Amino acid sequence: MAAEYSFREFQVNQTRTLNQAAEAYQAYLEAVEAGRPLKGGMHWKKIKGREYLYKYRDRSGHGSSLGPRSPHTEGLWAEYGRQRREMAALLGLRRRQLAEAARFCRAALIHRVPDPVTRILRRLTPGDLTAPPLMVIGTHALHAFEFSAGVFIDTPRDSALIEGAAQQLTLASAAPVGPEAFLRLLRRADRSYEIVPADGGAALPPLGGQSDDPPHSYKILPGEGLAAVNKHGFRVRLLRPPTAPSSPRIVVRDAPGGTAPATSGGLAALLAAPKFSQVVIGRRGDPVTMVVPDPRALSLHWLRLSRRQDRGPADRERDRVQAAALAELILRYLPQYYFFSSELQLFPAEVARLAENLVEGYEVAADLEADF
């Protein structure tokens, strides 16, 4: 495995810089959340010679009257203006702190995640599309585990681990996401995105069956997905599991002495596994939250993909190397996560052997797995 990837631990200043950036980002998110009740605005509206105070919620003017002008409504108007000014000042401060944190991240050389990825992740806030949130399940998910573990996964230029990753982001959703909502989210990051047929695009018929439908009018079908490409050729895929999966279950241990079984194998199992959230740093030094599956479930998912004969040799090789790299990272740097020994035996021998030295109490856990 050494020729395919290696681990480089963060230096002390890199860890400190990451923690400070994460704190600045969290403070910014809290300020944004605190300002949500102030969205919209207030104004006085004259009706039949009398002034009324209106609170509107959006730019379209939707809102309601708070009553005619009086000491009470004038107090509401003054208080709203004061809160807006204070919130604007706070958000300005938090943005400056974020910009400073980004500068330190670049200086510390921890700016790692490609810009097209962070632009999209920044738009994946609650309520944008569906709940639970979309998860990153492709190669870029490794960034979340790198920053959590405090190590970089270094690879040769021709490594299968990163092949194709620079031009693609793969997301997954357990809930329905329509093509219009998907495209709307992507265009908030880059207006040049256009929907294209996903893998097996023939199964994505135009809505309404009209030949003059817009190019993004596709249905998203269970077990398949959507794909979009921007003007630079960066591709984003959105996958959904089939409604009745039949592949084996992925079982991960949530804590010593306990287990957390996924409902089924394949993509459905991945989406049912516990979620893993981590602040990562983009190429511009900007921190952003990435949501990924439990690292053990993702590693096992990649391992199973590497053994599917319906995938091309290059894809299977990439899946194999990704699975091994993530499993080794877990064993070396994320000891709070536990593999079953029978799961470890699925990995290459050089990875599985790490458990003998790195995992305390390593033993066959078939009796635990039998419960599931």
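This is a predicted model: local features need pLDDT of at least 70, side-chain atom pairs count only at pLDDT 80 or more; totals for chains, interfaces and linings use all residues.
# A walk through the fold, starting with two rings

Both F10 and F147 are buried. The centres of their rings lie 6.0 Å apart and the planes make an angle of 80 degrees, so the pair counts as edge-to-face.

F147 has another aromatic pair, with F152. This one is also described as edge-to-face, with 6.3 Å from centre to centre and 90 degrees between the planes. Both F147 and F152 are buried. Across the structure, the count comes to 8 aromatic pairs. Ring pairs also link Y5, F7 and Y333 into a cluster. If you wonder what those two numbers are for, a pair of aromatic rings is described by the distance of the centres and the angle of the planes.

Now step back and look at the whole chain. How many helices and strands does the protein chain have? There are 12 helices and 14 strands. The chain has 372 residues, and 44% of them count as buried. Its accessible surface is about 19,000 Å², with 51% of that belonging to carbon and sulfur atoms. Take the contacts with a separation of 6 or more: residues 24 or more positions apart account for 66% of them.

Next, find the open sheet of 3 strands, which runs in the order β2-β3-β4 with antiparallel pairing. Why is one side of β2 and of β4 left without a neighbour in the sheet? β2 (41–47) and β4 (63–68) stand at the edges and each has a single partner strand, so there is no neighbour in the sheet on one side of each. On average, neighbouring strands here are turned by 30 degrees against each other, ignoring direction. Helix α2 (residues 71–107) packs on this sheet and touches β2, β3 and β4, and its direction makes about 150 degrees with that of β2.

Let's zoom in on the strands themselves. β2 pairs with strand β3 (residues 50–56) in the antiparallel sense, over 7 bridges. In general, strands of a sheet pair through backbone hydrogen bonds, either parallel or antiparallel. K45 has Y52 in β3 as its bridge partner. Leaving aside neighbours within four places in sequence, Y52 is in contact with H43, W44, K45, I47, S65, G67, P68 and R69. The C-alpha atoms of Y52 and L66 are separated by 7.2 Å, and these residues are 14 apart along the chain.

Some of those names turn up again when you look for charges over rings. The charged end of K45 sits over the ring of Y54, 5.0 Å from its centre. R69 lies over the face of W44, at 3.9 Å from the ring centre.

Finally, visit helix α5 (residues 179–189), where P179, A181, F182, L183, L185, L186 and A189 are buried. What do the buried residues of α5 pack against? Their partners are α3 (115–121), β8 (194–196), β9 (225–229) and β10 (235–239).

Definitions and conventions
Residues are numbered from 1 along each chain as its sequence is written. Side-chain values use heavy atoms; hydrogens and water are left out. Helices (H or I, at least four residues) and strands (E, at least two) are DSSP runs, numbered from the N terminus. Buried means under 20% relative accessible area, exposed over 50%, partly exposed in between (1.4 Å probe, protein chains only). Contact means heavy atoms within 4.5 Å. Accessible areas come from the Shrake-Rupley method with a 1.4 Å probe; for residues, only the protein chains shown count as cover. Rings of Phe, Tyr and Trp (its six-membered ring) pair if their centres lie within 6.5 Å; planes under 30 degrees apart count as stacked, over 60 as edge-to-face and the rest as tilted. A charge sits over a ring if NZ of Lys or CZ of Arg is within 6 Å of the ring centre and within 35 degrees of the ring normal. Two strands pair if DSSP finds at least two bridges between them. Axes are lines fitted to C-alpha atoms, for helices over the stretch in contact, and angles run from 0 to 180 degrees between N-to-C directions.
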